[in-house]
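Hi,

Here is the structure I said I would pass on. Have a look first, and my notes follow below.

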Amino acid sequence: MNLSPIQDMVDWGSVPDWFGAVGSIASVLFVYLGLRREIRARRTDDMRVRATQARLVSAVAEIRGTSVLRVTVANESDAPVLDVAVLARLVPPDDPDSQPVGLAAAKQVGRVPGRDAHDLFVTVAAEHRLRPIDTILVELTSPITTEIAGGVSAPANPNR
C-alpha cells in the first residue's frame, strides 16, 4: 500500500504521445475527406457520361391511320441502349376528343447498338384508336443503368 498522493495520479503521457495521437486522427480525417471528394468526382463524371449519351438518343413517333404506331429509336452514341419500351395511350374510337382510357401493350426491344436505329410498331385493336396529340412514353436504359424517360409527341404530319 502506497500512501504517497503523487503515485496515485493518472499518467497523461508525454508530449510525443500526444503528437502521435493527434497525427493519427488527422491522417484518418484526411483520408476520409479525400475519398469523399473522389467519390463525388466519379459520380459527377458518371452523370456527365450519361447525359452525353442521353443527348445522342432520340425517338420519332409516326401514326399510320388510327391503329398503328411506329416509333424509331435512333442511338447516335457509341454505347448500346438497353431495354427500350414503348407505350401508347389509347382513346375510344367513337369519341376521339375524350381522355385516354388506357395504354396499349408495351413493345420492347432488348438492345439498340451504338450508331444504329430500331423501329418498334404498336398495333391497336378496333375498340381503341391512337391520336396524334397523345404522348408516347419511351424508357431507355444504358449499360451503366441510366434511365432516360421522356415524352415524344407523335406529329400529326410525320413529314414536318
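One cut-off before the rest: I call a residue buried when its relative accessible area is under 20%, exposed when over 50%, and partly exposed in between. By that rule glutamate 62, with a relative accessible area of 22%, is partly exposed. Arginine 64, its salt-bridge partner, has closest N and O atoms 3.6 Å from it and is also partly exposed, at 38%. The two belong to a network of salt bridges that also links Arg70 and Asp119.

Keep in mind that this is a predicted model. The average pLDDT is 76, and 75% of the residues score at least 70. Where pLDDT is low, the predicted coordinates should not be read in detail.

Of the 160 residues, 23% count as buried. Among contacts between residues at least 6 apart in sequence, 61% join residues at least 24 apart.

Now the inside. The largest nonpolar core has 18 residues, and Leu69, Val84 and Leu130 have the most contacts within it. Strands 1, 2, 3, 5 and 6 each give two or more residues to this core, and strand 3 gives the most, with five.

Back to charges: there are seven salt bridges in total. One of them pairs aspartate 46 with arginine 50, with the closest N and O atoms 2.9 Å apart. These two are four residues apart in helix 1, so about one helical turn separates them. Both are partly exposed, aspartate 46 at 27% and arginine 50 at 26%.

Another joins aspartate 78 to arginine 115, at 3.1 Å between the closest N and O atoms. Aspartate 78 sits in the loop between strand 2 and strand 3 and arginine 115 in the loop between strand 5 and strand 6, so this pair ties together parts 37 residues apart in sequence. Both residues are exposed.

Last, the surface. Trp12, Trp18 and Val22 form a nonpolar patch with about 420 Å² of accessible area together. Tryptophan 12 lies in the segment before helix 1 and is exposed, with a relative accessible area of 66%.

Cheers

How values were computed
Residues numbered from 1 in each chain as written. Predicted model: local features only at pLDDT ≥ 70, side-chain atom pairs only at ≥ 80, totals over all residues. Heavy atoms only, no water. pLDDT = per-residue confidence, 0-100. Patch = residues over 30% accessible without salt bridge, like charges linked within 9 Å, V, L, I, M, F, W, Y side chains within 5 Å. Areas by Shrake-Rupley, 256 points an atom, 1.4 Å probe, with all protein chains shown as cover. Salt bridge = Lys/Arg side-chain N within 4 Å of Asp/Glu carboxyl O. Buried < 20%, exposed > 50% of the residue type's maximum accessible area, 1.4 Å probe, protein only. Core = buried A, V, L, I, M, F, W, Y, C linked by side-chain atoms within 4.5 Å. Contact = heavy atoms within 4.5 Å.
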